[in-house]
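Here is a friendly walk through the helix packing in this model. Have the sequence and the 3D view open side by side as you read.

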Amino acid sequence: MAEMRHAVLITVIADVVRHYINIRGLEARLEFARNNVATAQKTLDIVQTRFDRGLRQLAVLQARPSDLTAAILDARSRMAILRGTYSEEIAPEWRRRRGIPRIPDYVRPGLPLDLLRRRPDIRQAEREVAAATARIGAATADLFPTVSVTTGFGAQGGPRLSNGATDATPPIRGPIWSIGPSGYWPVLDFGRLDALIIAQELKTHELLVNYKKTILVAVAEVNNAIANFRAARQRLKDLQTALAASRRAVDLALERYDRGLTDFLNVLDAQRQQFEMEQQSVVAQEAVAIQFVLFYKALGGGWERYDALPPIPEPQPAIAAAIRRLSDH
């Protein structure tokens, strides 16, 4: 049960972190969208001759902040549900301007032995195999004879007549006791015990196969998480290079327009490409952070401070428990 609880904790914490990154990514995209609206508005004011084209581009950009704002509110509500609270109680966190969390450049998966120690599903499967092996030993022990020693102790006294007089025979008074061995050997079980052992051995083999499969799946998940994280980082790097080139293209187009060497349509096209690169860059940055969270989830967490079990009340005898529960109500 403890390992199942740890697995649920890892999933919930990973989902909370993933929603937090998603919210910060949407906020960054919203900021870029608002900046793009301001730039498009300036463009519209400057280029009256291109009014129709500028107005169309402005309308497209103005639609983005509304969609992103709705997505942010939806993500905040889902995160509040994961944390078991209301959106208003975590609202102060969103008032602080923060971007997407920074992610280290390299990931360190550690040794394979660390993976076996940290993954709750692996530890759960290992303990199931250990418990099944112990049940084989218990079933095998039933094949052999059992010997026990039975003892008894008491006291006896003389009889008393109904009219209050005593019997003339002298009463026998004193302690009484008995002791003796007893044995049991299921000789004629008709193969029942052996069949139970065989069934338990097959069940243990099944759990052992499941244990090996759990390890293989865990290793595959870690390898896939590492590959996805590296791919996401490479995509972000390429988009950042493309974004820098788009910004240089906008500056060059504006410079050529100021000199009368090009039409302003080229400026609008360069700005549109820059806006798209900014949006894709933020999405890629968010994807890198989410892949990092999934990588830690594949490793089995990384949030050891949540590893302690909640306090479990100590069971009490029936009378004491009944009195306590009556007093609680």
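Axes here are lines fitted to C-alpha atoms, for helices over the stretch in contact, and angles run from 0 to 180 degrees between N-to-C directions. Helices (H or I, at least four residues) and strands (E, at least two) are DSSP runs, numbered from the N terminus.

This is a predicted model, in which local features need pLDDT of at least 70 and side-chain atom pairs count only at pLDDT 80 or more, while totals for chains, interfaces and linings use all residues. Residues are numbered from 1 along each chain as its sequence is written, and side-chain values use heavy atoms, with hydrogens and water left out.

**The chain as a whole**

The chain holds 8 helices and 2 strands, in the order α-α-α-α-α-β-β-α-α-α along the sequence. Of its 329 residues, 31% are buried, where buried means under 20% relative accessible area, exposed over 50%, and partly exposed in between (1.4 Å probe, protein chains only). Contact means heavy atoms within 4.5 Å; among contacts between residues at least 6 apart in sequence, 82% join residues at least 24 apart.

**Two helix pairs**

Helix H6 (residues 192–258) packs with helix H7 (residues 264–299) and with helix H5 (residues 120–141).

| Pair | Axis separation | Angle |
|---|---|---|
| H5 and H6 | 9 Å | about 165° |
| H6 and H7 | within 7 Å | roughly 160° |

The contact includes Ile 122, Val 129 and Ile 136 of H5, and among the H6 residues are Leu 207, Leu 208 and Tyr 211. By class, the contact of H5 with H6 has 12 nonpolar, 6 polar and 5 charged residues. In this scheme Ala, Val, Leu, Ile, Met, Phe, Trp, Tyr, Cys and Pro count as nonpolar, Asp, Glu, Lys and Arg as charged, and the others, Gly among them, as polar.

The axes of H6 and H7 cross at roughly 160°, which makes H6 roughly antiparallel to H7. H6 passes H7 in a left-handed crossing, and their contact divides into 26 nonpolar, 11 polar and 5 charged residues.

**Two residues of H7**

Is Ser 281 buried or exposed? This residue of helix H7 is buried, with a relative accessible area of 9%. Not counting residues up to four places away in sequence, Ser 281 touches Leu 236, Leu 239, Gln 240 and Leu 243. Ser 281 and Leu 236 are 45 residues apart along the chain, with 6.3 Å between their C-alpha atoms.

Gln 273 is also found in helix H7. Gln 273 is partly exposed, at a relative accessible area of 40%. From Gln 273 to Arg 247 is 26 residues in sequence and 9.0 Å in space, C-alpha to C-alpha.

Note on methods
Angles under 35 degrees count as roughly parallel, over 145 as roughly antiparallel, 65 to 115 as roughly perpendicular and the rest as oblique. A crossing is left-handed if the near helix is turned anticlockwise from the far one by less than a right angle, and right-handed if clockwise.
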